[in-house]
Amino acid sequence: MNQVTTYRWSFDEDLHAYRDAGYSAVGVWKRKLVDFGVDKGAELIADCGLEVSSLSWAGGFTGDDATTTNENLDEARRTLDMAEAINAACVVLHPGCRNRHTRRHATRLLHSALDALLPHAAVAGVPIVLEPMHPACVGGWTFLTDLRETAALVAGYDSRWLRVAYDVYHAASCESAAAQLDEIANLVGLVQIGDFAAAHTADADRCPLGEGRAPIRDVVTRLAAAGYEGALEVELRGPAIEPADYPRVLQQSKAYLSRACADAGQATRQASVSLAAAPAGGCSAPRARNAGRVATVEDLGGPKYRAELWRLTW
């Protein structure tokens, strides 16, 4: 559960409530962590027996805010150090909007930032994940709106310290996003789960899981079939969530996602049985198109690089 979901609660209220609701991990919101204290926060996380699925967020490298690129790079390094202190599985990075740059120049600025930050991520032992967003929601956050392009950028680095964050809410902008997920599953370092009932807006308003139109069950099933072993992190926000009864939100989200995971496991087992049921005297069972295969930039439309298979643990 991401701490943005329980916006009104404090850092320690979040952790105790998530633990009591049966969650095994927390997506930490940096603002809450800093307000509480990084050292105290790390100790409380350990005391509650929770893992940290992500730390959000770092970025702002296109000059769209009042701080300089170097200042934002320094802050990103501090964020990676915080992530190391709390044993976070990744840091979510938003590069900033285009800010009147050409897309090519904005991409160059992002590459320069990644070139500076990835060595620090390796020392900290914390991967960076890039999250493409729905075009209606980008605001000052990012110019990355295409899943395939983001995956190609990540694959081009051929680094275990750079991954893709797949957000079900934002991926809804692309009808083929779920099919693309089959191709890039080995590049995914974090999956965020959100639902929506209305059109996407700059406020990125979401609704309780299962009450909207996001293809959550299909995504979870595809991830299971692809062998994804990382975190499924619930992130909800907006007028339907912020004033809600948070204990009920936690309970409902966990129940819905548990059912989706159970259904995905059953579907994957059935598919495995079907593949193994080829006639003994005929052709062998067909091999899944991406089984045992590592995606490359060539698969995603660019020059060929080998992308290292890397997965988070639950």
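I'll take the sheet, then a pair of helices.

A word on the source: this is a predicted model, where local features need pLDDT of at least 70, side-chain atom pairs count only at pLDDT 80 or more, and totals for chains, interfaces and linings use all residues. Residues are numbered from 1 along each chain as its sequence is written, and side-chain values use heavy atoms, with hydrogens and water left out.

The sheet. It is open, with seven strands ordered E1-E2-E3-E4-E5-E6-E7 and parallel pairing. Strands (E, at least two residues) and helices (H or I, at least four) are DSSP runs, numbered from the N terminus. Two strands pair if DSSP finds at least two bridges between them. At the edges sit E1 (25-29) and E7 (232-234), each pairing on one side only. On average, neighbouring strands are turned by 30 degrees against each other, direction ignored.

Look at E3 (residues 91-94) and E4 (residues 128-130). They pair in the parallel sense over three bridges. Val 92 stands opposite Val 129 in E4.

Now the helices. How do H5 and H6 cross? The axes of H5 (residues 103-124) and H6 (residues 147-157) come within 12 Å and cross at roughly 40 degrees. Axes are lines fitted to C-alpha atoms, for helices over the stretch in contact, and angles run from 0 to 180 degrees between N-to-C directions. That makes H5 oblique to H6. Oblique is what remains after roughly parallel (under 35 degrees), roughly antiparallel (over 145) and roughly perpendicular (65 to 115).

Who makes the contact (heavy atoms within 4.5 Å)? From H5, the residues include Arg 103, Leu 110 and Asp 115; from H6, they are Glu 149, Leu 153 and Tyr 157.

Definitions and conventions. Contact = heavy atoms within 4.5 Å.
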